[in-house]
Amino acid sequence: MLKVGIVGLPNVGKSTLFNTLLKKKVADVANYPFCTIEPNVGVIEVPDARLPVLADIVKTNTIIPAAIEFYDIAGLVKGASVGEGLGNKFLSHIREVDTIVHVVRLFEDNQIIHVGDLHEPVNDISTIDTELTLADVEVVTRQKTPKGTLSKEEKMLVVTLEKLRKHLDEGKQARLLSFINEELESIKYLNLLTLKPVIFVFNLSEQQLENLNETENKIQTILSQVGSTTEYIALSAKLETDLLELPETERAEYLSQFGLKSSGLDRLIQIAYSTLGLISYLTAGAKEVRAWTIKKGTLAPQAAGVIHTDFERLFIKAEIVPYKQFVEVGGWAQAKEKGVAKIVGRDYEIQDGDVVDFKVGV
């Protein structure tokens, strides 16, 4: 399951966003730092309009969407890498996630305390980036160099660690360094914070959302100043919360008032998937309709292994129908009758939206 950690300075709207994502009040929201101490963890469904369509075709009431695990990690402050605030405790939580959502406060509100003396988004971003980088410096510095006759893998590790040390000591994040696959594999065990993909979420006021072109220009200036080219979305956590109070039928109209076609939740999930190169394939039968998350480029046997580890080992073949064709013909029987169901082997690369029936041995 994809794991996403929500980080940022205290009082930037992390817990409000987390509550909105889960569509319920889970995390405490308070106007003071360190309201969140242990990371709140919540599993949310990935919105997928294809699933109810398939369920109607195959006549099942059981729909199981893909899921994402979100971690609401307590606010970091300057000095977190050496234990300030609740420092290393929080940093250890971030090491467990696949990607980081960095919430940046763009809204101004004198009633909500800012942890620094001045509300300055560029400084706020730099503070978090610096603490994550310093934490990685400490991890890399602690690594002992293997002695004696070294294996090929150990030699690769030594070279990669030296490369990393030099880069991190210059205050640069690990993701900005070019690695070959073997180098990445050698340092995988370090679980470096600055090697994780980052998605910025700029938390706006409703007025900033209404003036989105002007706000987008401001965001681009901020990103340019911090030297970032990572993905981002702009949303109002308050608006997202208000959206939950509305009936489903009224949400689209409410969003349209701000020039939006989808909620912040939907956009965040889409970006998280694309950032990590993830896609979903689908299974559809009388028992259930289900979405399964895999990396783009996954071959059929490995995709089968996501359902059950034995399926990869016992894989024989797979029957594939692209979602659109499956819907057009009206199900498995018609797909086979009309010749749109394709039998594929071990070298087939599963595509997003493939409706799949795996054939495995006993």
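**Group meeting: notes on a predicted model**

Asn11 counts as buried, because its relative accessibility is 14% and buried means under 20% relative accessible area, with exposed over 50% and partly exposed in between (1.4 Å probe, protein chains only). This is a predicted model, in which local features need pLDDT of at least 70, side-chain atom pairs count only at pLDDT 80 or more, and totals for chains, interfaces and linings use all residues. Residues are numbered from 1 along each chain as its sequence is written, and side-chain values use heavy atoms, with hydrogens and water left out.

Back to Asn11. Asn11 sits in the loop between strand S1 (2-7) and helix H1 (14-22). Helices (H or I, at least four residues) and strands (E, at least two) are DSSP runs, numbered from the N terminus.

The unreviewed UniProt entry places a "binding site" feature at Asn11, Val12, Gly13, Lys14, Ser15 and Thr16. UniProt positions are in the numbering used here, feature names are shortened, and annotations may be inferred rather than shown by experiment. Lys14 is buried because its relative accessible area is 6%.

Next, Ser92, in helix H3 (residues 87-94). Ser92 has a relative accessible area of 37%, so Ser92 is partly exposed. Between Ser92 and Ala135 there are 9.7 Å in space, C-alpha to C-alpha, and 43 residues in sequence.

Last, Glu183, in helix H6 (residues 181-186). Is Glu183 buried or exposed? Buried, because its relative accessibility is 9%. Which residues does Glu183 contact, leaving aside neighbours within four places in sequence? Met156, Thr160, Lys163 and Ser178, where contact means heavy atoms within 4.5 Å.
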